[in-house]
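Could you have the sequence and the structure open side by side while you read my comments?

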Amino acid sequence: MPAAIRLSVAAGICALCLPGCSREQAAVETEPALARVGTATITAADVRAAMPSGLSADDSVKFVRAYVNSWVDEQLIVGIASQQVDMDAIDRLADDYRRSLIMQEYRRQMYESHAASIPEDSLRAYHEAHGGDFLLDRPMVRGVYIKVPDDAPGLRRMRKLFRSDRTDDIDALEKEVLGSAIHYDYFRDKWVDWEQIEMRVPVDFAGWPGRGQTLDTSAGGFTYLLRVTDVLPAGSPMPYEQARPLIVQRMLAADRRTYDARMMAELRRSAADRGDMVVNLDR
């Protein structure tokens, strides 16, 4: 960087970082350019507008240097490229991209003003009809998991109760673990990702999970009790609760395509009725 630019950058950094310099003073005084490439310049005001708030003095200096150097690189590349690149082609690409953004934004706004929530019964009906489209990539399980200290009172009773299917025993287990369990998850009424359970227990789960499997082991001063009552292997259709977000996404996408086609047909019809559109194509 030339000496003159280095001095300007240094002076600009000092001005940016000095807390005593007010915005009013900066507005009155003409700020020197921090850098110049050809006829283009960047000033302290330009950098201030881009600088995040809350930076320390050191971070402010780093930001200014990085921002100005990035600006210089951009000016140099654009200056050279504009002489060697077909600028008419660039203008056409920019215009096409702008038109595409305008269309996307209009369609998005129109659809969001129309869209309504999908009824729950419609989602469940879709799951029943297309459940095979949504498959698990990992097993899911139902069961019960307990982690308690080895010296927890009532541990012997917990060992008996967590294997039972009786409603009274399940209620008794919940009361037994209160106050002593580090973890207690009862998930016999909902599907849980097996990975969430497996990662909690420090044992080798080779051959798991399987329906009816139980674990009763001690490690590091804690006893781990686990019973798997049901299993959905990887590749099985997802339960409704897991598939629901994907179903919503798919149904909204289909609804949006239908709405978009209807909107475009209406726009064409209105334009033709007004005489604003004529399409001459062989049928």
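Predicted model: local features only at pLDDT ≥ 70, side-chain atom pairs only at ≥ 80, totals over all residues.

1. Let's begin with helix α5 (residues 87–114) and helix α10 (residues 240–274), whose axes come within 10 Å and cross at roughly 110°. Angles of 65 to 115 degrees count as roughly perpendicular, so α5 and α10 are roughly perpendicular to each other. The crossing of α5 past α10 is right-handed.

2. If you want to look at that contact, select Gln104, Tyr106, Arg107, Arg108, Met110, Tyr111 and His114 on the α5 side. Their partners in α10 are Leu252, Asp255, Arg256, Tyr259, Asp260, Arg262, Met263, Met264 and Leu267. Sorted by class, the α5 contact with α10 comprises eight nonpolar, two polar and six charged residues.

3. Helix α10 also meets helix α6 (residues 120–130): the two axes come within 10 Å and cross at roughly 105°. That angle makes α6 and α10 roughly perpendicular to each other as well. From α6, the contact uses Glu120, Ser122, Leu123, Arg124, Tyr126 and His127. From α10, Tyr240, Glu241, Ala243, Arg244, Ile247, Val248, Arg250 and Met251 take part. The class count for α6 with α10 is seven nonpolar, two polar and five charged.

4. How many cavities of 30 Å³ or more does the structure hold? There is one, and the largest cavity contains about 50 Å³ of space. Its lining consists of Val144, Leu161, Phe162, Ser164, Ile170, Leu173, Tyr184, Tyr186 and Arg188. The elements giving two or more residues to this lining are α8 (167–177) and β4 (183–186). By class, the lining of the largest cavity has seven nonpolar residues, one polar and one charged.

5. Finally, take a look at the backbone around Pro209. Is the peptide bond from Trp208 to Pro209 cis or trans? In this model the bond is cis, with omega near -10°. As for its setting, Pro209 belongs to the loop between α9 (194–198) and β6 (214–219).

Key:
Residues numbered from 1 in each chain as written. Heavy atoms only, no water. Axes fitted to C-alpha atoms, helices over the stretch in contact; angles between N-to-C directions. Helix = DSSP H or I, 4+ residues; strand = E, 2+ residues; numbered from the N terminus. Parallel < 35°, antiparallel > 145°, perpendicular 65-115°, else oblique. Left-handed = near helix turned anticlockwise from the far one by under 90°. Contact = heavy atoms within 4.5 Å. Nonpolar A, V, L, I, M, F, W, Y, C, P; charged D, E, K, R; others polar. 1 Å grid on protein atoms, 1.4 Å probe; cavity = no way out; pocket = protein on both sides within 12 Å on 5 of 7 lines; lining within 4 Å. Points joined across faces, edges and corners; volume = space filled by probe spheres on them.
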